[in-house]
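Subject: Structure handover

Hello,

The structure you asked for is below, with the sequence. My notes on what turned up in it follow.

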Amino acid sequence: MACVAVTWARPESTYADKWDNINVDEVLESNRLLKGYVDCLLGKGRCTPDGKALKETLPDALEHECVKCTGKQKSGADKVIRHLVNKRPDLWKELAVKYDPDNIYQARYKDKIDAVKGSA
């Protein structure tokens, strides 16, 4: 019975890893690249293939606490959140309005968000 429970609790798979090698630092250091991704996520601009994949994956990742994320995806997400919270709160707020209008995820991840504030 324990084996069934462990199998049932384990996610079926991870998100596609074909974009795991994107240089997140390069995107965060370039206002043009960062704005392109944010505009894609907000539906304000065209999406690159990786931006489109992120846009499709983000709601599920937020809802399920990134259980299907690869290690690189989790690490990249942490880096992006730290950057947006500390250096681009304007973009963080826009994304929050779009993807968390009821403040569900902001409340769920409050401790994690508070932990990255000031640690850019």
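**Disulfides**

C40 is joined to C47 by a disulfide, with an S to S distance of 2.0 Å. Please keep in mind that this is a predicted model. The link of C40 and C47 is right-handed, with 100° about the S-S bond.

A search of the whole structure finds two disulfides. Besides the link of C40 and C47, there is one between C66 and C69, whose sulfur atoms lie 1.8 Å apart. The disulfide of C66 and C69 is left-handed because the torsion about its S-S bond is about -85°. Both of its cysteines fall under the 20% limit for buried residues: C66 has a relative accessibility of 15%, and C69 has a relative accessible area of 10%. Counting bonded cysteines along the chain, the pattern is 1-2, 3-4.

**Backbone**

Most residues other than glycine have a negative phi. C66, in the loop between α4 and α5, has a positive phi near 60°. N103 is not a glycine either, and its phi is positive at about 65°. N103 sits in the loop between α6 and α7, and its relative accessibility of 45% makes it partly exposed.

**Overall fold**

The protein chain has eight helices and zero strands, so the order of elements from the N terminus is simply α-α-α-α-α-α-α-α. Of its 120 residues, 28% count as buried. Among contacts with a separation of 6 or more, 67% are between residues 24 or more positions apart. The accessible surface is about 8400 Å², and carbon and sulfur atoms account for 56% of it.

**Largest pocket**

The largest pocket holds about 1500 Å³ of space. It is lined by 46 residues, and those closest to its centre are L54, L58, Q73, G76 and A77. Which helix supplies the largest share of the lining? That is α5, with 12 residues. The helices that each give at least two residues to the lining are α2 (24-29), α3 (31-42), α4 (49-63), α5 (71-87), α6 (89-99), α7 (104-108) and α8 (110-116). By class, the lining has 30 nonpolar, 10 charged and six polar residues.

**Two aspartates**

D17 is placed in the loop between α1 (2-9) and α2. Leaving out residues up to four places away in sequence, D17 touches T70 and Q73. D17 and Q73 are 56 residues apart in sequence, and their C-alpha atoms are 8.2 Å apart in space. Q73 is also one of the residues closest to the centre of the largest pocket.

D39 is in helix α3. Is D39 buried or exposed? With a relative accessible area of 17%, D39 is buried, since the cut-off is under 20%. Again leaving out residues up to four places away, D39 touches K44 and G45.

Regards

Terms used. Residues are numbered from 1 along each chain as its sequence is written. This is a predicted model: local features need pLDDT of at least 70, side-chain atom pairs count only at pLDDT 80 or more; totals for chains, interfaces and linings use all residues. Side-chain values use heavy atoms; hydrogens and water are left out. Helices (H or I, at least four residues) and strands (E, at least two) are DSSP runs, numbered from the N terminus. Buried means under 20% relative accessible area, exposed over 50%, partly exposed in between (1.4 Å probe, protein chains only). Contact means heavy atoms within 4.5 Å. Accessible areas come from the Shrake-Rupley method with a 1.4 Å probe; for residues, only the protein chains shown count as cover. On a 1 Å grid over the protein atoms alone, a cavity is a set of points where a 1.4 Å probe fits but cannot get out, and a pocket is an open set with protein on both sides within 12 Å along at least five of seven lines; lining residues have an atom within 4 Å of a point. Grid points are joined across faces, edges and corners, and a volume is the space filled by probe spheres set on the points. Ala, Val, Leu, Ile, Met, Phe, Trp, Tyr, Cys and Pro count as nonpolar, Asp, Glu, Lys and Arg as charged, and the others, Gly among them, as polar. A disulfide is a pair of cysteine sulfur atoms within 2.5 Å.
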